[in-house]
Amino acid sequence: MSDFIFETTPRAICRFGGAQELGKLCAETGAKRAFILSDPGLEKAGLTSGPCASLRKAGIDYLLWTGVQADPPEESILEATRHAQEFGADIIIGLGGGSSMDTAKLVALLCGKPQNLADIYGIGLATGPRLRLIQVPTTAGTGSEVTPISIVTTPTSEKKGVVSPLLYPDLALLDAELTMGLPAPITAATGIDAMVHAIEAYTTKHKKNPLSDSLAIRALQLMTAHIDDAVSANPGRAAREAMLQGSMMAGMAFANAPVAAVHALAYPLGGHFHVPHGLSNALVLTEVLKFNRDAAMQHYGELATAVMPDQRFSNDAEACDAFIAFIAAMVARMPFAQKLRDVGVAQSDLDMLATDAMKVERLLINNPREVTFDDARAIYARVL
């Protein structure tokens, strides 16, 4: 067996209604002043009230900052850091989707050890210590609560990542109750995002390992079995819990076996057209699977067996094609945009998108098949 290293968040609590215990959990760390990062939509939906009440009950001073922006730009992260420093925070709480949690990671880092963001883009360049950090996801998609990565939108609209074990939080608190009222399009897009994490972790060219494989398979099984219920008019608690736990498992997988071309091609869509990350992944997913077919045939076939256990396949090619068709059909029935033109992309934008995708080398090198500029442009064109 090949050597490997596996790291993840040291503690995870999965409990329906668990957000009501946030104050008690913070108090156990010895924290006195909590800085909570969230967004205006969550505050308006009332999802911040329970966690805040829990902090008050535990006697912890807190400041709720709802200035988190989607695909967080540098200036938003720096503004949040200033507020946290002025408040004198000794613990940071990310409450929300991937943008809130990614912002929280960097605020905890920059408050603990001031450093220039531009100097720490890349792998292992950040330095500690950081403030204590708790992540409370309100969507089932990014898995950011168990990953050492924070994605930032630079002033040039590029997506860059800070990657460091320092970004693993001290605690991931998963409460499916917080996801019960999530609109169907967001549930669908974040769910597909998590599936992409699982698929790309399982087929990655680098750092693939037995633990990440097991987590990726189980994550994909949970989410493919429950996403249709989760996006229905009346999603059940079981579906919401399965999606949230599957998202966490997929996050653990890709934190150790990194993602590839789907994400690399998705990033420019978010940077230039402000397409939510999950939807960006969903838009290019099927065509990237088709592009990777021959190079990833065995692995796609193994995933087919995992998510379609009642079917029998005569060879890897048949299983691989069945898996691609299965995922394509799932994406096609989700309640979100299906074409790039639906999110504002024009034919004249394809060269720019392909150029920017090729800059995401840290992910492209993980793809089962090499991706050239012409390949990336052709994939975008087929989705246009």
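## Largest cavity

The lining of the largest cavity is made up of three nonpolar residues, three polar and one charged (nonpolar: Ala, Val, Leu, Ile, Met, Phe, Trp, Tyr, Cys and Pro; charged: Asp, Glu, Lys and Arg; polar: the others, Gly among them). The model is a predicted one, in which local features need pLDDT of at least 70 and side-chain atom pairs count only at pLDDT 80 or more, while totals for chains, interfaces and linings use all residues. Residues are numbered from 1 along each chain as its sequence is written, and side-chain values use heavy atoms, with hydrogens and water left out.

The lining residues are Ala 140, Thr 179, Leu 182, Thr 187, Thr 190, Arg 240 and Met 243.

A cavity is a set of points, on a 1 Å grid over the protein atoms alone, where a 1.4 Å probe fits but cannot get out, and lining residues have an atom within 4 Å of a point. Grid points are joined across faces, edges and corners, and a volume is the space filled by probe spheres set on the points. The structure has two cavities of 30 Å³ or more.

## Second largest cavity

The second largest cavity holds about 30 Å³. Its lining consists of Ile 199, Glu 200, Thr 203, Val 262, Leu 285, Val 288, Leu 289, Asn 292 and Tyr 300. H6 and helix H10 (277-292) are the elements that give two or more residues to this lining, and H10 gives the most, with four. By class, the lining has six nonpolar residues, two polar and one charged.

## Helix H15

Helix H15 (residues 373-383) has Asp 375, Ala 376, Ile 379, Tyr 380 and Val 383 buried (under 20% relative accessible area; exposed is over 50% and partly exposed in between, with a 1.4 Å probe and protein chains only). These residues lie on the same side of H15, because they cover an arc of only 135 degrees around the axis, taken from the directions from the helix axis to the C-beta atoms. An α-helix has 3.6 residues a turn, so residues three or four places apart point the same way.

The buried residues of H15 pack against helix H9 (261-273), H10 and helix H13 (350-357), where contact means heavy atoms within 4.5 Å.

## Cysteines

There are zero disulfides in the structure (a disulfide is a pair of cysteine sulfur atoms within 2.5 Å). For Cys 14, the nearest cysteine sulfur is that of Cys 26, 17 Å away. Cys 14 is partly exposed, at 39% relative accessible area, whereas Cys 320 is buried, at 0%.

Conventions
1 Å grid on protein atoms, 1.4 Å probe; cavity = no way out; pocket = protein on both sides within 12 Å on 5 of 7 lines; lining within 4 Å.
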